[in-house]
Amino acid sequence: MKNLLFKITAAGLIIMNAGLSQAQKIDAKSKKILDEVTANYNAKKNSYFKFSFGSGMNGKVSKTETGIYYSAGDKYKLKIMEIEQIFDGSKIYNINTEDMEVTVAKPNAGGQMFSPINYLSSYRNDYNVTYNGKKTINGVSADFIKLTPVKSNGLQHVYLYIDSTKKQMLKLEQYGNNKDIAVIAIQEYKENQKLDSQMFSFDKNKYKSYLVTEL
């Protein structure tokens, strides 16, 4: 699964600088739903997600891990498996405890890891968006939205499942051209918590024995 996670990262789920090869199509209903979810999260002082991250092939999830994601403004911290990613508002720090390595990069250098909410921003430029009705997710009637890449990026499509009543993400499914699948399902959500002041800071003193590489 770690290889898949890095493959997702390298593919650049958020293709910040890619030029569009065709006209983008976003239906009004989907845009309204996604914009309301984005506004809801942005209005919070901070947000916390506990989620399951599943991966597999041929549309079937074969392995699942638990991850956590904190965000406050444009800063975030993501932890899953032996990998932690911190964005302090200036640089992204990828910390691999298994390999004892840290890579440091500017936000656009390597994209962002697979997080619960990154498609809420990337859909605006990189995907055609269509509303596909309702589906039940863990007993909740969810709006089902399909994202299809405007320009080839290694993905066939992405499915988003939204609780429009609470204006929250419930689940996302990402399908790759090579038939792999990655799924994030939100298990717990909290907001406006009292967070450690160093939550989104990288403390190099904790990683003196690590190989640190600036990209």
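## A walk through a predicted protein chain

The protein chain holds 3 helices and 12 strands, where helices (H or I, at least four residues) and strands (E, at least two) are DSSP runs numbered from the N terminus. The model is predicted, and for this reason local features need a pLDDT of at least 70 and side-chain atom pairs count only at pLDDT 80 or more, whereas totals for chains, interfaces and linings use all residues. Residues are numbered from 1 along each chain as its sequence is written, and side-chain values use heavy atoms, with hydrogens and water left out.

Consider the chain as a whole. Of its 215 residues, 47% are buried; here buried means under 20% relative accessible area, exposed means over 50%, and partly exposed lies in between, with a 1.4 Å probe and protein chains only. The chain exposes about 11,100 Å², of which carbon and sulfur atoms supply 48%, the areas coming from the Shrake-Rupley method with a 1.4 Å probe and, for residues, only the protein chains shown counting as cover. Among contacts (heavy atoms within 4.5 Å) between residues at least 6 apart in sequence, 57% join residues at least 24 apart.

The interior comes next. A nonpolar core is a set of buried Ala, Val, Leu, Ile, Met, Phe, Trp, Tyr and Cys residues joined through side-chain atoms within 4.5 Å. The largest such core has 31 residues, and those that touch the most other members are Leu34, Tyr41, Phe51, Tyr119, Ile145, Leu147 and Leu160. Apart from this core lies another, of 9 residues, among them Phe144, Tyr161, Leu170 and Tyr175. When residues up to four places away in sequence are not counted, Phe51 touches a list of residues including Ile68, Tyr69, Leu78, Ile80, Pro116, Ile184 and Ile186.

Leaving aside residues up to four places away in sequence, serine 71 touches Asn46, Ser47, Tyr76, Ile117 and Phe200.

Leucine 147, already named in the largest core, also leads into the pairing of strands, which is assigned if DSSP finds at least two bridges between two strands. Strand β7 (residues 127–137) and strand β8 (residues 140–149) run antiparallel and are joined by 9 bridges, and across this pair valine 129 stands opposite leucine 147 in β8. In the hairpin of β7 and β8, which has 2 residues between the strands, asparagine 138 takes a positive phi near 50°. On β8 a further antiparallel pairing, over 5 bridges, is made with strand β9 (residues 155–163), where leucine 147 stands opposite valine 158. The hairpin of β8 and β9 has 5 residues between its strands, and in its turn glycine 154 has a positive phi of about 90°.

The last topic is charge. Side chains of opposite charge can pair when their charged atoms come close. A search of the whole structure finds 9 salt bridges, a salt bridge being a side-chain nitrogen of Lys or Arg within 4 Å of a carboxyl oxygen of Asp or Glu. One of them joins lysine 171 and glutamate 173, with 3.2 Å from N to O; lysine 171 is partly exposed at 22% relative accessibility, while glutamate 173 counts as buried at 11%. Elsewhere, salt bridges that share partners join Lys31, Asp35 and Arg124 into one network. Within it, the side chains of aspartate 35 and lysine 31 meet at 2.7 Å, N to O, and both residues lie in helix α2 (residues 28–42), 4 residues apart, about one turn of the helix. Aspartate 35 is partly exposed, with a relative accessible area of 22%, and lysine 31 is partly exposed as well, at 40%. Helix α2 also holds glutamate 36 and lysine 32, again 4 residues apart, and these form a salt bridge whose closest N and O atoms are 2.7 Å apart. Glutamate 36 is partly exposed at 28%, whereas lysine 32 counts as exposed at 52% relative accessibility.
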